[in-house]
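Please consult the sequence and the model alongside the text.

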Amino acid sequence: MADLRLDKLVAQAADLPRSQARRAILAGRVMLDGAVCRRPDQKVEQTARLTLDGDPLCWEEHLYLMVNKPAGVLSASRDPHQQTVVDLVRDRYPRRELFPAGRLDKDSTGFVLLTDDGALAHALLSPRHHVEKTYKVTLDLPADEKMQRGFADGVTLADGERMLLARLEIEAEDPTCVTVVLHQGVYHQIKRMFGVFGAGVRTLHRSAIGPVRLDPQLAPGQSRPLTEQELKSLREAAGEK
Ligand code: URA
């Protein structure tokens, strides 16, 4: 990870506006590895020990939140009229510039990753890395083997665009309930793929991103930071170290 400026770190760790963090540094209230540092632009290594008024500051360069998106909430950072997934956590992280790494439709539910790590988001979404996204879907008619074969061969959408190969698992007791595994994220992809077979999507819930499953303890609207293990496995799936 690149070294970061002291004022940015103090602002982030103490949850202060950057201007207040600068003032605290200039006033000699911040210590870096045991010595007062009055330079807001000082580059700081990840392993550095920081204190403000003698209290240790813990900081992370990036934040990674697992959110269980409820229906009716937009997958966006901000919207002038409608509630967004970032609005669900804004009070807790007012100074983080979070965005969803990949979108779910407004009426879809489930796992959205909120982060301020553009590199990881890009890697997760890049078709080059083929990171799997898993969805539980209910249909307005039973799924069948023709759909299953079509998904496995690569569905061609009504506009002629050919989708990457996808997996369709059909529940034996109720074939209107299926699991879909995709390796890309095209607008309304699952709805349009089923549309090719004349089927409508009733509900759509993302249950996993790569190897990380949505925590069943999270009620709709709730969120929590990824564990270290979850983040590690997501980075590996996205081809990062
Ligand atoms: N495919 C869709 O059609 N909608 C989603 O929200 C996600 C995948």
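Contact here means heavy atoms within 4.5 Å. Leaving aside neighbours within four places in sequence, S108 is in contact with K69, P70, A71, K191 and L204. The model is predicted, so local features need pLDDT of at least 70 and side-chain atom pairs count only at pLDDT 80 or more, while totals for chains, interfaces and linings use all residues. Residues are numbered from 1 along each chain as its sequence is written, and side-chain values use heavy atoms, with hydrogens and water left out.

**Residue S108**
- S108 sits in the loop between strand 8 (99–100) and strand 9 (109–115); strands are DSSP runs of E with at least two residues, and helices are runs of H or I with at least four, numbered from the N terminus.
- Its relative accessibility is 2%, so S108 counts as buried (under 20% relative accessible area, 1.4 Å probe, protein chains only).

**Shell around the ligand**

**Polar contacts (N or O atoms within 3.5 Å)**
- An N or O atom in the D105 side chain is 2.7 Å from a ligand nitrogen atom.
- An N or O atom in the S108 side chain is 2.9 Å from a ligand oxygen atom.
- A backbone N or O atom of Q189 lies 3.4 Å from an oxygen atom of the ligand.

Definitions and conventions. Polar contact = N/O pair within 3.5 Å; in protein donor to acceptor, adjacent residues only side chain to side chain. Buried < 20%, exposed > 50% of the residue type's maximum accessible area, 1.4 Å probe, protein only.
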